[in-house]
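Hi,

Here is the structure I said I would pass on. Have a look at it first, and my notes follow below.

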Amino acid sequence: MIEDFTAEDAASAKRLVSKFKNAGFQASKIASAIEIANRMKEKNAKIYLTFTANMVASGLRGLFAEMCKKKYVDVIITTAGALEHDFIRAHAPYELGDFSMDDSFLHAKGVNRIGNILVPNERYELFEEKIKPVFEKLYKEKKTVSPSEIACEMGLAANDKGSFLYWCAKNKIPVFCPGITDGAIGLQTYFFKQKRKDFAIDVTKDMSNLASITLNAEKTGGIILGGGISKHHAIGVNILRGGFDYAVYITTAQPWDGSLSGARTSEAISWGKIAEKASHITVDGEATILFPLFFSGLKI
């Protein structure tokens, strides 16, 4: 039966979300997503959290950090930009702008726009300054490093309790970044290699560890925010074990163009990326709105 929200419900996120189940539309789907996520944890599934760079530029960064601090998740899979935004924001803030700003004006001022989030060029100059010691330390220890080793060292260097990389490093949660050269890290690696010709990032070095975690898990669950390489790396590796046992997608992408980002959980079943008998759901909506509501219902 459909039940109405009350003004009292709206006064608290937890209370509001507790009423979602019988509200209909995407509210009911968020309620189901929370139930699936809580079941993942109750069944001791290995939980994979995936997200894209833009989300770490936003206020969601703090919730990712909290999940890693509390060891709610076992594996992070993300993009190069997510590592960069987390690392930069450990040292300097981003600014709020507007979606309709004059981008030619911003470019002339040396300001980069991510939707309505502004990142001055100085932040990337800061990144260059702070990442060099990370590379130097890794280079002295080993000439060839994996993306997860870089992520761990960045977390230790960030030394910021608001950083998901920091808590992953502290709690030994691996951060896999299969597309690590697609960003400022890749550019800084190129610069670093001009003097350190034998320095290398081996993106295949992490595959054994990720496969081992997946194959040795009794059950696996995915909380997949957005799409792209982060999403596919998580569902792809789970083919090795017959697919995720639990999966929650939150996305704004649509399935009509056949893209991976827009593919629903049901499509993944055809590939063996999600098990046929899995508990799964796709929730349509933007993560900065939906994920905090989803988070408020988790048993963390």
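**What I found**

Leucine 49 has isoleucine 76 of β2 as its bridge partner. Before going on, a word on the basis: this is a predicted model, where local features need pLDDT of at least 70, side-chain atom pairs count only at pLDDT 80 or more, and totals for chains, interfaces and linings use all residues. Residues are numbered from 1 along each chain as its sequence is written, and side-chain values use heavy atoms, with hydrogens and water left out.

Helices (H or I, at least four residues) and strands (E, at least two) are DSSP runs, numbered from the N terminus, and two strands pair if DSSP finds at least two bridges between them.

Back to the strands. β1 (residues 46-50) runs parallel to β2 (residues 75-77), and three bridges join them. With β9 (residues 220-225), β1 is also parallel, this time through five bridges; there, tyrosine 48 sits opposite glycine 222. Four of the five residues of β1 are buried, so the strand is largely enclosed by the rest of the structure (buried means under 20% relative accessible area, with a 1.4 Å probe and protein chains only).

Next, an open sheet: three strands in the order β3-β5-β4, paired antiparallel. β3 (95-96) and β4 (111-114) are at the edges with a single partner strand each, so one side of each lacks a neighbour in the sheet. Two bridges link β3 and β5 (residues 117-120), and glutamate 95 faces leucine 118 in β5. Helix α7 packs on this sheet, touching β3, β4 and β5, and its direction makes about 55 degrees with that of β5. (Contact means heavy atoms within 4.5 Å; axes are lines fitted to C-alpha atoms, for helices over the stretch in contact, and angles run from 0 to 180 degrees between N-to-C directions.)

α7 (residues 121-141) also packs against α5 (residues 80-89), at an angle of about 95 degrees and with the axes 10 Å apart. That makes α5 roughly perpendicular to α7 (65 to 115 degrees counts as such). Among the residues in this contact are Phe87 and Ile88 of α5 and Leu126 and Phe127 of α7.

Finally, how do α2 and α14 cross, left-handed or right-handed? The crossing of α2 and α14 is right-handed (the near helix is turned clockwise from the far one by less than a right angle). The contact is made by Ile30, Ala33, Ile34 and Ala37 of α2 with Leu290, Leu293 and Phe294 of α14.

Cheers

Methods
Parallel < 35°, antiparallel > 145°, perpendicular 65-115°, else oblique. Buried < 20%, exposed > 50% of the residue type's maximum accessible area, 1.4 Å probe, protein only.
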